[in-house]
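Here's a quick briefing to read alongside the model. Have the sequence open next to the viewer and follow along topic by topic.

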Amino acid sequence: MLTSQKNFSEYLNKLDSLMQGSEISWDQTLIGQIKNTPLLLPVIGAFSAGKSSLLNTFMGMDILPVGIAPETELATELHFSQESYLLAIRHDGNEERLAVEDLTLVNKKSAEYSHLRLYINSPALEAIAPLILVDMPGYGSSLENHNKALAYYLPRGVHFIVVTSIEEGTVTQSVLRHLDTIKVYGGDFSFILSKTNLRAPEQASEITDYINEQLQLYFGADKQVIPLDNQASDTFNKVLSAINPDLVFHNLFIDRLKDQNIDLINQINFASNVIKNSKNVNDNAFRALEQALDGLIQQRNKTQEDMKFRFSTPLITRCINAIDRDLNGQIDRLANFSTTKNAATALEREISEIISSNLTRTLKQEMDQISAEMIQELAVNLTKNNEMLDSLDHNWAKNIADKTEAKLKAVSGFIETMSERLPGKEDAGKVYRLFSTVLAITTSVISPVLELVIVFLPDIIRLLSSINAEEKARKNLLNSVFPGIKSELRNLLPEIVDEQLSKLLKSVSDEFEEQINQQRILITRYQQEREMAQETIDKQLEIFQDLSVELKALATSYLYC
């Protein structure tokens, strides 16, 4: 167990003991999350970049399928185990245990599964635990499988390893878009230049220098390419050793634990004030909380009624306009694609990546802003006509808002559910699922949108299949393909966005309601203490004071050291 993991577990166990018998609430699910959260390192790149070969070399065995065509159609987590076996995870979460030898066959049935977990008796995997490498479908795999893997691991990956073959000679637009997506989600990456043995040392050095310039231009001076040949397990070990799992794990949880500590102190202060105040003051505060609940429901209903006008329609318009600008900005490049061999396939993939990259960036920014706006609006409305609560907590509405925002953002990284099947063409032969979370929006909107692209884009691109002249292709892109894409997105996006905005509003409102009800419980419980003898009141206040001191000392020892 990692040092940070062990320390956080000790902290939560001691916190659990301290809070026994108290009405003060805290997030006990953190205990399981601290114990079970994996540190996933997705390995991404084009199918020909040598990802699977690199991982095979690292493990010291030829387990992952490799070939001249895309072989990895399902994201495959690589876990150490004394016993070797394969777990195929279906879309409903059910697991199917198989032999390792079935890996190639399972990849051919990729539509049936979400992802794979491969358990291998490899000393190399054991040495890097608890880091878990994930062999991701390459950019040359099917759009469906690539997008499915991206949607699943983008919010779960703690660090990405990006592999580009020296044969590319550059950081391609496709890779840059994926790196930008990682950064949008707050992730980090290491960049590997593979197959350097295929070029003379002087050429390899020139390409390395050029890619370094690209990375530093786009992502800052701290990014350096790491050159590897096809037998570079030692160098790959150095790449992994540069990733500090203790620090990664610490950063995953430290803010949540600190926020929770602050909330516990606030709850103790609230309960202490209940005991100190008169029954009349507490009764007024209780009524104020009931009014706050009524106001919350009214505000939620009003926001729901105004959702399309205030949030949904403007958001969709901004998304589509941003995509239109990006597509038009790439018109020369796309027109050139349309005149090459396998034009329709290449163009479909390129346009899909432009759309998905743009939506990932735009939707995350938009939904983060909408989430903050909803929380702030509810908090402001709660403070109106509720001066009676000032005697218990001057910042009660702000504290609720801060806790709501922190909790929803934290939960979004750990909880996943499936939504209804998306409508698609009858002949598509695929199940299009919507991944969502409690906060949900940044990935749950993006995932189905990417699936929609899979549905409608091929037919639109076929408009160009018989056109060879670049100028004619350019005109068709501008006059037929781009308008067709905008039309499809405008028809299909509203249902998805409206559904997820409603889920977001409900999540925010439910969290506010839960915390208001918790304060009502505290008033009811500790008002009883207030009605007892002064000696009992003083004793309870002393208990609260001691608890507050112990919580602060515990946090100082484990969270602020």
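E112 is partly exposed, because its relative accessibility comes to 36%; that label covers values between buried (under 20% relative accessible area) and exposed (over 50%), computed with a 1.4 Å probe on protein chains only. This is a predicted model, so local features need pLDDT of at least 70 and side-chain atom pairs count only at pLDDT 80 or more, while totals for chains, interfaces and linings use all residues. Residues are numbered from 1 along each chain as its sequence is written, and side-chain values use heavy atoms, with hydrogens and water left out.

**Salt bridges**

- E112 and R90 meet through their side chains in a salt bridge, 3.6 Å from N to O; the term means a side-chain nitrogen of Lys or Arg within 4 Å of a carboxyl oxygen of Asp or Glu.
- This pair links distant parts of the chain, 22 residues apart: E112 sits in the loop between α4 (103-108) and β5 (113-120), and R90 in strand β3 (residues 85-90). Helices (H or I, at least four residues) and strands (E, at least two) are DSSP runs, numbered from the N terminus.
- R90 is also partly exposed, since its relative accessibility is 28%.
- By the same rule, the count comes to 22 salt bridges.
- Another one joins R256 to D27, with the closest N and O atoms 3.7 Å apart. R256 lies in helix α10 (residues 245-276) and D27 in the loop between α1 (3-19) and α2 (29-36), so this contact ties together parts that are 229 residues apart in sequence.
- R256 counts as buried because its relative accessibility is 14%, whereas D27, at 22%, counts as partly exposed.
- D188 and K183 pair up too, at 3.4 Å from N to O. Both D188, at 30% relative accessibility, and K183, at 34%, count as partly exposed.

- How many residues of strand β1 (residues 39-45) are buried? The count is 7 of its 7 residues, which makes the strand mostly covered.
- In a regular strand, side chains alternate between the two faces of the sheet. For β1, L39, L41, V43 and G45 are on one side, L40, P42 and I44 are on the other, and all of these are buried.
- β6 (residues 131-135) pairs with β1 in the parallel sense over 5 bridges; to count as a pair, two strands need at least two bridges between them in DSSP.
- Looking at individual bridge partners in β6, L39 goes with L131 and L41 with L133.
- β1 is also joined to strand β7 (residues 160-165) by 3 bridges, again running parallel, and there V43 stands opposite I161.
- β6 is mostly covered as well, with 5 of its 5 residues buried. L131, L133 and D135 point one way, I132 and V134 point the other way, and all are buried.
- Strand β2 (residues 76-80) runs antiparallel to β6, joined to it by 3 bridges. L133 turns up here too, as the bridge partner of L78.

- A cis peptide bond joins A129 and P130, with omega at about 10°. P130 is placed in the loop between α5 and β6.
- K195 has a positive phi of about 60° although it is not a glycine. You'll find K195 in the loop between β8 (189-194) and α8 (201-219), and it counts as partly exposed because its relative accessible area is 23%.

**Helix residues on the outside**

- A127 lies in helix α5 (residues 123-128) and counts as exposed, given its 63% relative accessibility.
- Which C-alpha separation goes with A127 and N237? Their C-alpha atoms are separated by 9.7 Å, though the two residues are 110 residues apart along the chain.
- E542 lies in helix α19 (residues 534-558) and is partly exposed, because its relative accessibility is 46%.
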